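Hi everyone, thanks for having me. Let's take a few minutes to walk through a structure together, starting with the whole chain and ending at the ligand.

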Amino acid sequence: MSSVQSTTTQTITSIPLSTHYGDWRDDLVKNGYTVIKAAISPDRAKNYQQRAFDWLKSFNTPLDFENPDTWVRENLPVLTDINTFENYSVVHEKFMWDARLEPGVFDAFAKLWGTEDLLVSFDSLNVTFPNRKDKPRKPSWPHIDQSPLRRGLQCVQGIIALSKAGPEDGSLMVLPRSNNHVEEYFDTKTDPMSWDKIDWRVFDEEEMEFFHSQGLKPIKVEVEPGDLILWDSRTIHWGAEPEAESNAIRTVIYVSYSPAALASAESIKMKQQIFRDHGATTHWAHDNIFPRDLLAYLPDGSVDPRNRSEPLEPPELTDRLLKVAGMKP
Ligand SMILES: O=C(O)CCC(=O)C(=O)O
Ligand SMILES: [Fe+2]
């Protein structure tokens with residue numbers, strides 16, 4: 001881990017949103033999540049998926065997208081246990097920036113926040129192969145990406161779907177309306193001394209009972225390529241791996257924008273350093289800026305000789321890119 005500390009400002013006030021917009025913003029506020037259909041055209045989404053696959057192929061392993069026998073760790077660059085790629089500067093590859101900057105994605109967040117003066121997260125790529133032969137399916141991992149110390153809506157996360165997700169496929173699971181119950185849960189069922197500053201809180205099965213007893217039930221967010229899922233970081237969620245019947249290679253890019261005005265000078269400075277390093281940070285864009293490892297480590301702890309400190313194909317540094325990256329006021 002880098003020596004740079006994370007920035008976390010617990011004091012910022014929550015972002016007020018109305019519940020009477022008459023569009024998807026109402027669902028986001030009420031249910032804690034929403035899906036914007038075809039934020040990107042399906043053809044463009046398929047093209048991004050192909051570019052993600054080309055990136056995986058650039059490591060010159062026997063990986064073959066048509067042959068499930070080759071869907072094993074040895075044939076893949078280092079990935080996390082939630083099937084995300086965040087090293088090798090992938091976060092700053094042109095295809096990742098192009099997807100983030102797609103007008104349908106940018107405009108959705110601009111509409112949500114009522115401003116085009118936004119910052120974007122430097123977040124990862126997820127490629128999840130169904131029925132991996134070398135790895136058991138990860139059980140559910142319900143969590144939120146906001147500390148109990150922060151109150152109200154402070155971050156809206158996003159997933160750009162580049163593959164289809166039907167009932168048997170890998171996708172985001174959400175507990176609708178849990179965004180409106182987690183604070184009550186923390187206040188009535190937990191000890192404030194246990195509240196951590198980290199914007200990450202996992203719920204075990206027993207804790208989930210509280211929410212189930214309020215009638216909340218998890219659902220899988222089904223999507224078509226090009227759909228944009230948005231959710232409140234306080235909504236309980238997890239990424240579900242594909243079931244045995246699935247043959248879809250789940251491919252998604254995480255993206256979150258928030259108003260630049262919410263970022264502290266310290267957060268901007270940190271973001272700029274991470275951008276120069278071609279590094280990745282958290283799901284958040286304006287705060288909770290935390291550098292992820294720049295180096296890719298193999299399971300034995302050694303640095304992957306395939307490590308890359310810059311993208312294969314860098315993005316064009318347009319005015320908009322530099323602004324949302326925090327490099328230009
Ligand atoms: O991959 C997913 O669907 C969920 C990942 C996640 O928890 C997140 O992006 O915050
Ligand atoms: Fe999450």
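Let's begin with contacts. If you take the contacts in the protein chain with a separation of 6 or more, 84% of them join residues 24 or more positions apart. Please keep in mind that this is a predicted model.

How far can we trust it? The mean pLDDT of the protein chain is 95, and 95% of its residues reach 70 or more. There is a stretch to treat with care, though: over residues 9–13 the pLDDT is below 50. In the model, that stretch has eight contacts beyond near neighbours in sequence.

Now, what is the chain built from? You can find eight helices and 13 strands in it. The radius of gyration is 19 Å, close to the 20 Å that the globule rule gives for 329 residues, so the chain is as compact as a globular protein of that length. Along the principal axes, the C-alpha atoms fill a box of roughly 50 × 45 × 40 Å. And of the 329 residues, 42% are buried.

Finally, the ligand. Which residues surround ligand 1? They are Asn 126, Asp 145, Gln 157, Leu 172, His 237, Trp 238, Gly 239, Tyr 254 and His 283. By kind, this shell holds three nonpolar residues, five polar ones and one charged. Which strand gives the largest share of the shell? That is strand S11, residues 237–240, which supplies three residues.

That's my tour, and I'm happy to go back to any part of it with you.

Technical notes: Residues numbered from 1 in each chain as written. Chains lettered and ligands numbered in written order. Predicted model: local features only at pLDDT ≥ 70, side-chain atom pairs only at ≥ 80, totals over all residues. Near = placed C-beta within 6 Å. Helix = DSSP H or I, 4+ residues; strand = E, 2+ residues; numbered from the N terminus. Nonpolar A, V, L, I, M, F, W, Y, C, P; charged D, E, K, R; others polar. pLDDT = per-residue confidence, 0-100. Contact = placed C-beta atoms within 7 Å. Rg over C-alpha atoms; globule rule 2.2 N^0.38 Å. Buried ≥ 20, exposed ≤ 12 C-beta atoms within 10 Å, placed from the backbone.
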